[in-house]
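Thanks for coming, everyone. Please have a look at the model on the screen before I start.

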Amino acid sequence: MASLKDATAIVGIGQTAFAKQLPEDEKTLACRAIVAALDDAGIAPSEVDAFASYTMEETDEVEVAKAIGAGDVTFFSKVGYGGGGSCATIAHLAAAVATGQANVGIAWRSRKRGSGPRPWKNTAVQLPTPGQWTRPFGLLRPADEIGMLARRYMHEYGATRDHLFNVALACRNRANQNPAAMMYERPLTREMYMSSRWISEPLCLFDNCLETDGALACVIVSAERARDCRQKPVYIHSVAQGLPAQHHGMVNYWNDDPLTGPAWTAARHLWKQADFAPQDVDVAQIYDAFTPLIPLSLEGYGFCGRGEGGAFTEGGALESGGRLPINTGGGGLSEAYVHGFNLINEGVKQLRGTSTAQVPDAATCLVTAGEGVPTSAVLLRAP
């Protein structure tokens, strides 16, 4: 069977500043991140012939290609489901490059979520069918839907707010080491966490991701070409997407077990194609729009057993030097929330050895997209 294993590599990464409000529009931010990624790789914009982004991306490949000066484009795609699409953009470009559909691919996400409108505020349009089972009953925002899953998880398995605090603290501690993070000089304490206001009980302020303006991009080429690029290549070892049977976004109403989300489906395919297993992962960048997604993902991707995700966070397990250091740039909770794309770039930094919270001798990294929606994941490997 044909395999994408190590056939392509990420050779360039770029990003803008992150802030609650940036003056530039999303197209400008996108182009700046893309040009920075190409410069990082030592590749001219005229060589770009493939693009991949999200269906929620406001900038499109036509305008971006013109603005950066790309040549003829032979592959372009967009992936749905918000944060669930982050790693899938890498998967699509890896497949395109590995099969000869393109030579130089750009994946990107640009967003003005900090200064822009909240997606759920538009009440003028008819609800999609899934929303008709949630919105009229008070589940208006993603925080409400994940809050319900979190409450179910705490009831079933005895997870506590202290376990969620462990997640928030690990991400904040790494952001405190990262000058580019929005929470760089803003430490978090248990007292601050426990006394903060509710957003959607049992989720408090610090269980929720940031609202960010910013953009990121990365460059993908064949493994052969990667050897001649400016930076140390980071190989795309395994990729997967996951949409479980009878899925209902966020709430999983129709699944036999609502807590068995898309991560479980993606993980089976991801590990099946890989030469290493969960216990061999040196560092992980796990999608963290909300703290409960970390224990759910730890279970889904096989780092612990069913219902053990909360306990896994104890004893500094997620911190630098712990069992599984996570989100070493600060993640969506404390660096920036750009639908998970900063997790991809941070994974590359770890395997280059350039992270602000570097894991010594890191050679393997798992990056995941949003749990709770149709999702994706990628295993990265150092040369």
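First, the ground rules. This is a predicted model, where local features need pLDDT of at least 70 and side-chain atom pairs count only at pLDDT 80 or more, while totals for chains, interfaces and linings use all residues. Residues are numbered from 1 along each chain as its sequence is written, and side-chain values use heavy atoms, with hydrogens and water left out.

Start with the sheet. Helices (H or I, at least four residues) and strands (E, at least two) are DSSP runs, numbered from the N terminus. Two strands pair if DSSP finds at least two bridges between them. The open sheet has 9 strands, ordered S3-S2-S4-S7-S1-S8-S11-S10-S9, and the pairing is mixed. Which strands stand at the edges? They are S3 (75-79) and S9 (283-285); each has a single partner strand, so one side of each lacks a neighbour in the sheet. On average, neighbouring strands are turned by 25° against each other, direction ignored. Those angles come from axes, lines fitted to C-alpha atoms (for helices over the stretch in contact), and run from 0 to 180 degrees between N-to-C directions.

Now S10, residues 364-368. S10 runs antiparallel to S11 (residues 375-381), and 5 bridges join them. Leu366 stands opposite Leu379 in S11. The two strands form a hairpin with 6 residues between them. Gly372, in the turn, has a positive phi of about 100°. With S9, the pairing of S10 is parallel, over 3 bridges. There, Gln285 has Val367 in S10 as its bridge partner.

Is S10 enclosed or open? Buried means under 20% relative accessible area, exposed over 50%, and partly exposed in between (1.4 Å probe, protein chains only). In S10, 5 of the 5 residues are buried, so the strand is largely enclosed by the rest of the structure. Thr364, Leu366 and Thr368 point one way, and Cys365 and Val367 the other.

Next, helix H5, residues 161-175. Its 15 residues, at 1.5 Å a residue, should span 21 Å, and the end C-alpha atoms are 21 Å apart, so the two agree. The expected span is 1.5 Å times one less than the number of residues. H5 is mostly covered, with 12 of its 15 residues buried. Among them are Arg161, His163, Arg172 and Arg174. Thr160 caps the N-terminal end: a side-chain oxygen lies 3.2 Å from the backbone nitrogen of Asp162.

Two single residues now. Contact means heavy atoms within 4.5 Å. Ala19 lies in the loop between strand S1 (8-15) and helix H1 (26-41). Ala19 counts as buried, at 18% relative accessibility. Beyond its neighbours within four places in sequence, Ala19 contacts Met182, Glu211, Thr212 and Asp213. Ser297 sits in helix H9 (residues 293-300). At 1% relative accessibility, Ser297 is also buried. Ser297 touches Ile286 and Glu371, not counting residues up to four places away in sequence.

Last, the cysteines. How many disulfides are there? With a disulfide taken as a pair of cysteine sulfur atoms within 2.5 Å, the count is 0. Cys218 is in none; the nearest cysteine sulfur, in Cys87, is 9.8 Å away.

Key:
A polar contact is a pair of N or O atoms within 3.5 Å; within protein, one must be able to donate a hydrogen and the other to accept it, and residues adjacent in sequence count only if both atoms are side-chain atoms.
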